[in-house]
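Hi,

Here is the structure I promised to pass on to you. Have a look at it first, and then read on for what turned up in it.

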Amino acid sequence: MPSPIRTERHGDVLVIVSDNPPVNALGAAVREGLDAAIRQGVADASIAAMVIRCDGRTFFAGADITEFGKPPAGPMLPTVVDTIEASSKPVVAAIHGTALGGGCEVALGCHYRVAVPSAKLGTPEVKLGLLPGAGGTQRLPRLAGVPLAMEMTALGDPIAAGKAADAGLIDRIVGEDSLEADAIAYAREIAGKRPLPRASERQARADPDAVAAFRKVNARRFRGFEAPEANVACIEKAADGSSFADGVAFERRSFAGLMAGTQSAAQRHLFFAERQAGRIDGIPADTALRPVASVGIVGAGTMGGGIAMNFLSAGIPVTIVEMRQDALDRGIGTVRGNYEATAAKGRMRPEQVEAAMGALTPTLDFGALAGCDLVIEAVYETMEVKKDIFTRLDAICKSGTILASNTSYLDVDEIAACTKRPQDVLGMHFFSPANVMKLLEVVRGARTAPDVLATVMALARRIRKVAVVAGVTHGFIGNRMLMPRQVEAMKLLMEGATPEQVDRVHVAFGMPMGPFQMSDLAGVDIGWHRDPARIENIRDALAAEGRWGQKTGAGFYDYDARRQPSPSPRVAEIVEDFRGRSGAPAPRDISDQEIVERTLYPLVNEGALILEGGFAQRASDIDVVWIYGYGWPVYRGGPMFWGESEGWDRIVAGLEKHGFEPAGSLRAKVKAPGAIH
Ligand code: 3HC
């Protein structure tokens, strides 16, 4: 195998080039080549300075994540970075694209850094449950100061070249199209300068109050995660007067600890799961896509408006249809209000708001949808209404228009069957609020054409969603798995648990909210039969009393004027009343562990059944759905990843103990443990 690293002489400057597509990850061969090239430059008397640059779309985007967990090969990255820094001749990093993680650390090991204006620098390891493990936590604060180093490592977001230059991380911004030539010229300029600036030889200083404030401000964001605090601790170490060597040893121990833990394994799993989700089984990657230059939306309610914003923000014009002018006006007002709120926070410019609103055509004329390339129906969750709309769309839309339903439960095949073009119909299940939530379940009907599915999956990327293919089953992937959890949560109330306890267990697990908080947010009345006299369960009783959740100031909790919840004595009475009437046993103490086993194990079990039924392409897709659609804690890797880390034998035993029938595939896993696929 030829080395991905080559060297090119430009007079007395040796240019070291990496060519390791797609992102120049620092795999073993790259590290070996870099190490050898630096030694070559140092040994060659005719070389005065060196430049490291990368071919392709980016400077090194980090260590090669696929090597993690495998036996080490070639020189380790920290050693390579040390070799670069120790060079007796200046080394210049020439940065374009994204210098991330180990790539940023290579740059920090260089004596000088130049970058094109569009370049970005970052240490996103925290998003993989890690920290920069090649001296980055020690060099970064020494060069850029503690506050920025904390931000970059513990939050993990890259910074633009300009900001990096202001912070002293970049020595010169060079021409966007003349990186190599400018870097060589710069190398000649500094070739004779001594002593060489080495980050490891500098000092960093921390303001303890600022560090404490950083921890406090981000406490919510860091909740449950191990890596952010580990990053902050390493930065503190760099600034507490310890030697560079001691700091690096501290970093190394922390890195190894995180790498061996479940959280990082979960977060690395998600990295690949997210990318894998975009691949559609049985459809070639080069399938010709249908052009989508205009989108129609039926329904300007909360969902319709939110869906519209996704396309408008991506520069795709939207026609939105309502039945009544007041509803249309309200919907458009909400869209504008959302954009203006974003602009008020400085995340959008006023002209961008106007451009987005200018691309929105509100109308009462259904016929205006005729020429759209894609139409998404976002009306009530009633089959009859949906069928009526699809019949009308079938009659007016041009040939080739993709017809999508935003249904969250209903049978997409039944909807498709009322058209003469079922091959053009699928589900696009957005999650509320649709302009914020990253998940999109794309529901593949029995007759959905391959190019329709491929087009919508590609479109999802354009509107910055993470899309997962789901089959036609009640509730698709996410909501189908949610159902057993909600059912069991209600049973637990009858047996003696309180909404507060059940929710607390879910929040402690890492979910943003528990089942009852979720009901109150979504609306206790969702799916209610609307007959106050017909009370068959606790939910009916709440709905009959107008306890519809946050929107009416009362649900499973009572709410004050600021929507702060408190336990509800009335709900306790309702539960007590039900218990008495149904002859249920007296309430008992229920352990937190039982709540986990009875609400989360059945959810995992349902995931396994979904896989068995072929309604999800792969287990990791289910994990993506729960992380991006329901706030499953990233550090637990999604329900199917968690099931494996919990132990399939435990899950199966727990299910059986509580009277559930474990999926056959889970029983099989007890005999042959490992990941479920
Ligand atoms: N290692 C191995 N493969 C990687 C990789 C990495 N660091 N980064 C990206 N890839 C792969 C992706 O899996 C994907 O493969 P696929 O085509 O087979 O699915 C391919 O490269 C392209 O990646 P994207 O689809 O993500 O391409 P984008 O253009 O959207 O994004 C990127 C490019 C911004 C570089 C993005 O890939 C990214 O954020 N990568 C991860 C960066 C990172 O986390 N670096 C730190 C690594 S850990 C580390 O460095 C430890 C060190 O401190 C010791």
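**Salt bridges and a helix pair**

D451 is partly exposed, with a relative accessible area of 22%. Please keep in mind that this is a predicted model.

The partner of D451 is R290: their side chains meet in a salt bridge, with N to O at 3.0 Å. D451 belongs to helix 18 (residues 450-462), while R290 sits in the loop between helix 12 (262-277) and strand 10 (295-298), so this pair ties together parts that are 161 residues apart in sequence. R290 has a relative accessibility of 19% and therefore counts as buried, the cut-off being under 20%.

A second pair that links distant parts of the chain is K398 with D373. The closest N and O atoms of this salt bridge are 2.5 Å apart.

E340 and R336 both lie in helix 14 (residues 325-344), four residues apart, which is about one turn of the helix. They form a salt bridge whose closest N and O atoms are 3.0 Å apart. Both ends are partly exposed, E340 at 40% relative accessibility and R336 at 28%.

How many salt bridges does the structure hold? The count comes to 50.

Now for the helix pair. The axes of helix 25 (residues 601-612) and helix 26 (residues 619-630) come within 10 Å and cross at roughly 135°. That angle is why helix 25 is described as oblique to helix 26. Their crossing is right-handed.

Which residues make the contact? From helix 25 they are L603, G607, I610 and L611, and from helix 26 they are A619, I622 and W626. By type, the residues of this contact divide into six nonpolar, one polar and no charged.

Happy to go through any of this with you.

Best wishes

Conventions. Residues are numbered from 1 along each chain as its sequence is written. This is a predicted model: local features need pLDDT of at least 70, side-chain atom pairs count only at pLDDT 80 or more; totals for chains, interfaces and linings use all residues. Side-chain values use heavy atoms; hydrogens and water are left out. Axes are lines fitted to C-alpha atoms, for helices over the stretch in contact, and angles run from 0 to 180 degrees between N-to-C directions. Helices (H or I, at least four residues) and strands (E, at least two) are DSSP runs, numbered from the N terminus. Angles under 35 degrees count as roughly parallel, over 145 as roughly antiparallel, 65 to 115 as roughly perpendicular and the rest as oblique. A crossing is left-handed if the near helix is turned anticlockwise from the far one by less than a right angle, and right-handed if clockwise. Contact means heavy atoms within 4.5 Å. Ala, Val, Leu, Ile, Met, Phe, Trp, Tyr, Cys and Pro count as nonpolar, Asp, Glu, Lys and Arg as charged, and the others, Gly among them, as polar. A salt bridge is a side-chain nitrogen of Lys or Arg within 4 Å of a carboxyl oxygen of Asp or Glu. Buried means under 20% relative accessible area, exposed over 50%, partly exposed in between (1.4 Å probe, protein chains only).
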